[in-house]
Amino acid sequence: MAAPSLLNLVSSSGVPNLLAIQPEPHISNLLRGRIDAGDFPSAVYLVSENGKVVFADALGDAVREPEVHPASLDTVYDLASLTKPLVTGLLCARRVESGELTLDSAAAQYLPEFDRADKHHITIRHLLTHTSGLRAWRPLYLLASEREGALAAIANEPLEHEPGERVIYSDLGFIALGCLLEKLTGATLNDLAQREIIGPLGLQRTFFNPARAQRTGVAACESGNAYERDMCESSIDMKAPAKGFGGWRAGIIWGEVHDGNAYFLGGAAGHAGLFSTAIETLRLADQFIGARSKLLSTQTCELFRQDMTTGLNEARSIAWQLAATKDSTAGPGLPPEAFGHTGFTGTSCWVDAVRARVFILLTNRTHHRSLPFANINSVRREFHTLAVAALDSNHC
């Protein structure tokens with residue numbers, strides 16, 4: 001295992017924490033064991049309290065093919081669906097705070113494509129809490145001939161449930177939110193993120209669409225589009241278009257977004273596309289903690305701990321899942337009001353805002369492994385359990 005780089009490990013105030021940083025042996029052993037078992041080729045974790053990194057380590061290989069690059073604390077990962085809260089949710093929350101958006105306004109007020117009988121009752125809150133009734137996923141690259149037609153393709157899809165009736169975790173809903181932000185501001189999502197998040201926080205290794213020259217510092221993903229292709233070809237209504245689709249990628253997906261819809265949409269979308277390191281993911285996660293946020297007020301940050309789907313099948317706040325959700329990846333060590341998110345590539349971020357604790361685990365489980373990919377939810381829960389125990393023991 002290569003020694004982790006500590007170059008970028010600083011607190012959100014810019015003060016280095018190098019003397020305080022160390023691996024947590026039980027966590028490192030857990031992850032090393034799962035690397036040896038073939039669940040994922042690399043793992044980088046970071047545990048912070050009050051903005052200070054307490055534990056961190058990098059294990060395994062960020063790239064195993066077509067060449068080998070060991071993981072380090074500077075490795076950039078495809079965060080996948082962490083894009084939803086860290087970019088789209090944060091940008092929406094800023095507009096709720098400023099009054100540009102109202103949570104209970106109809107999405108059709110901003111998206112004319114949603115002004116139809118079955119969708120005009122969908123609100124911004126529904127989209128942000130995954131209660132819009134929209135389906136979880138559809139291959140927009142098979143339903144639209146060009147990216148400009150993606151929103152219309154989403155609007156054309158029938159709802160699975162009435163808005164507000166059930167939580168259905170939906171990529172489509174957050175793609176729609178990304179389109180809404182672009183229409184509302186007249187700027188691309190990429191430019192919005194740079195202007196309102198990445199630039200103000202001084203992030204250097206957080207971006208959409210990594211430059212090819214940066215690829216050696218990026219963790220690799222799947223070989224081609226095998227997973228999504230299999231899903232499409234096994235779908236009754238998508239099998240024929242999938243067979244005739246000429247856009248399937250071949251070779252290792254490395255230095256470009258893994259998600260097929262995000263790739264079709266140009267690499268930056270409301271649901272996926274963000275790349276970052278563990279330490280800069282911490283800087284983003286801190287923006288949801290009232291006492292630490294530089295981008296949101298304390299009052300707005302309270303919304304992320306609020307259960308907005310009481311009585312439904314999941315406990316959800318704005319863009320985040322709450323630990324109160326049955327079988328969430330939080331595990332038993334985090335309080336019910338803690339909030340978190342996972343990413344398909346093998347990433348996760350959970351926040352205990354009351355204690356100002358952040359738990360980040362970045363893996364690339366889709367790389368150097370044949371289908372099916374490993375389900376690492378039990379690893380995530382154990383990571384949180386061990387991390388909470390270690391933090392608590394520091395206070396004894």
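Trainee: Why does Val44 count as buried?
Mentor: Because its relative accessibility is 1%. Buried means under 20% relative accessible area, exposed means over 50%, and partly exposed is in between, with a 1.4 Å probe and protein chains only. This is a predicted model, where local features need pLDDT of at least 70 and side-chain atom pairs count only at pLDDT 80 or more, while totals for chains, interfaces and linings use all residues. Residues are numbered from 1 along each chain as its sequence is written, and side-chain values use heavy atoms, with hydrogens and water left out.

Trainee: OK. Where is the place of Val44?
Mentor: Val44 sits in strand β1, residues 42–49. Strands (E, at least two residues) and helices (H or I, at least four) are DSSP runs, numbered from the N terminus.

Trainee: And what is Val44 in contact with, leaving aside neighbours within four places in sequence?
Mentor: Its contacts, with that exclusion, include Asp57, Ala58, Ala71, Tyr77, Ala278 and Ile360. Contact means heavy atoms within 4.5 Å.

Trainee: New topic. What is the order of strands in the open sheet?
Mentor: The order is β4-β6-β5, 3 strands with antiparallel pairing. Two strands pair if DSSP finds at least two bridges between them.

Trainee: Which strands are at the edges?
Mentor: β4 (77–78) and β5 (207–208), each pairing on one side only.

Trainee: How many bridges join β5 to β6?
Mentor: There are 2, and β6 covers residues 274–276. Across that pairing, Phe208 stands opposite Leu274.

Trainee: Now helices. How is a packed pair described, and what are the values for α1 and α13?
Mentor: Two packed helices are described by the angle between their axes and the distance between the axes. For α1 (residues 25–36) and α13 (residues 377–394), the axes come within 9 Å and cross at roughly 165°. That makes the two helices roughly antiparallel. Axes are lines fitted to C-alpha atoms, for helices over the stretch in contact, and angles run from 0 to 180 degrees between N-to-C directions. Under 35 degrees is roughly parallel, over 145 roughly antiparallel, 65 to 115 roughly perpendicular, and the rest oblique.

Trainee: Which residues make that contact?
Mentor: From α1, His26, Ile27, Leu30, Leu31 and Arg34; from α13, Val379, Glu382, Phe383, Leu386 and Ala387. They divide into 7 nonpolar, 1 polar and 2 charged. Ala, Val, Leu, Ile, Met, Phe, Trp, Tyr, Cys and Pro count as nonpolar, Asp, Glu, Lys and Arg as charged, and the others, Gly among them, as polar.

Trainee: What about the axes of α2 and α7?
Mentor: The axes of α2 (residues 83–98) and α7 (residues 189–201) come within 11 Å and cross at roughly 70°. The pair is therefore roughly perpendicular. In the contact, residues of α2 including Leu86, Leu90 and Arg94 meet residues of α7 including Leu192 and Glu196. The residues of this contact are 8 nonpolar, no polar and 3 charged.

Trainee: Last one: is His126 buried or exposed?
Mentor: His126 counts as buried, because its relative accessibility is 15%. His126 lies in helix α3, residues 124–128.

Trainee: How far apart are His126 and Pro163?
Mentor: They are 37 residues apart in sequence and 6.7 Å apart in space, C-alpha to C-alpha. Pro163 is one of the contacts of His126 beyond four places in sequence.
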